Amino acid sequence: VAALLSAAFGTNLRLLSRSQISTAYVDQALARRDFRVWLEHALERPAPNDRKRIIAGTPENLRFLTPPPGDFFWPGIATEVSIGPGATAKGTGTATLLNMAPEGVSISLRYWGRTAPDRPAEWHDTWSPDQGLPDLIRFTFQGEVPTPPPMTVRPAKAWRQSEMSLSSLVP
């Protein structure tokens, strides 16, 4: 009887430890999904008389404005979301830490777009608020532990695709 109980408890402990590891990966995948949704709903232009920067980015940090999560219909109060050391979402009275990658994994960012109308689109390491929105942002995860696959997001995709015409780009 003692051997059977020992084997049963040992199996349960192994399953419990595996489920805790997979729970962390699920939480990180959900954080990446939430971040993608926020970035796809990022504001294209600030509200009138608003002095906040729409988007600014470096290889380690990204900061942008988006409607409050779950309130995409009326973006009355913009939420400032940032990724990087101390990533938070501020503006609606709540702060959310976005844990998008496992411990020991760094996030590297690149920005695709034109820095000037007469220049071709290419990948950049930094993005200035004066340049408007980049066409794409690529997140690359690097580390010694298993890393998530790269993620490429089109900022303000929801706003850009909310109205289609014959001159619109194909989504």
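User: Let's start with F64. Is F64 buried or exposed?
Analyst: F64 is buried in this predicted model. Its relative accessible area is 1%. The cut-off for buried is under 20%, so F64 counts as buried.

User: How many aromatic pairs are there?
Analyst: The structure holds 3 aromatic pairs. One of them joins F35 and F64. That pair is edge-to-face, with 5.5 Å centre to centre and 75 degrees between the planes.

User: Where do F35 and F64 sit in the chain?
Analyst: F35 is in helix α1, residues 2–40. F64 is in strand β2, residues 62–66. They are 29 residues apart, and the pair links distant parts of the chain.

User: And F35, buried or exposed?
Analyst: F35 is buried, at a relative accessible area of 0%.

User: What does F35 form with F139?
Analyst: An aromatic pair, edge-to-face. The centres are 5.5 Å apart, and the planes make an angle of 90 degrees. This pair also links distant parts of the chain: F35 in helix α1 and F139 in strand β7 are 104 residues apart. Strand β7 covers residues 136–142. F139 is buried, with 0% relative accessible area.

User: Which residues make up the aromatic cluster?
Analyst: F35, F64 and F139 form one cluster.

User: New topic. What lies over the face of F141?
Analyst: R32 does, at 5.8 Å from the ring centre.

User: On to strands. What is the strand order in the open sheet of 4 strands?
Analyst: The order is β6-β5-β7-β8, and the pairing is antiparallel.

User: Which strands are at the edges?
Analyst: β6 (122–124) and β8 (151–153) are the edge strands. Each pairs on one side only. From one strand to the next, the twist averages 25 degrees.

User: How many bridges join β5 to β7?
Analyst: There are 7 bridges, and the two strands run antiparallel. Strand β5 spans residues 106–113. For one partner pair, take S108: its bridge partner in β7 is T140.

User: What about β2 and β3? How many bridges join them?
Analyst: Those two are joined by 5 bridges and run antiparallel. L65 has E80 in β3 as its bridge partner. Strand β3, residues 79–83, is mostly covered, with 4 of its 5 residues buried.

User: Switching to charges. How many salt bridges does the whole structure have?
Analyst: A search finds 5. One of them is between R33 and D34, with the closest N and O atoms 2.8 Å apart. R33 is partly exposed at 46%, and D34 is partly exposed at 30%.

User: What is the closest N and O distance for E40 and R36?
Analyst: It is 3.7 Å in that salt bridge. E40 and R36 are 4 residues apart in helix α1, so about one helical turn separates them.

User: Which of those two is buried, and which is partly exposed?
Analyst: E40 is buried, with a relative accessible area of 15%. R36 is partly exposed, at 28% relative accessibility.

User: Where are R110 and D125?
Analyst: R110 is in strand β5, and D125 is in the loop between β6 and β7. They are 15 residues apart, and the pair links distant parts of the chain. Their side chains meet in a salt bridge of 3.0 Å, N to O. R110 is partly exposed at 32%, and D125 is partly exposed at 43%.

User: Last one. Which residues do salt bridges that share partners join into one network?
Analyst: R36, E40 and K157.

Key
Residues numbered from 1 in each chain as written. Predicted model: local features only at pLDDT ≥ 70, side-chain atom pairs only at ≥ 80, totals over all residues. Heavy atoms only, no water. Phe/Tyr/Trp six-rings, centres within 6.5 Å; stacked < 30°, edge-to-face > 60°. Buried < 20%, exposed > 50% of the residue type's maximum accessible area, 1.4 Å probe, protein only. Lys NZ or Arg CZ within 6 Å of the ring centre and 35° of its normal. Pairing = 2+ DSSP bridges. Axes fitted to C-alpha atoms, helices over the stretch in contact; angles between N-to-C directions. Salt bridge = Lys/Arg side-chain N within 4 Å of Asp/Glu carboxyl O.
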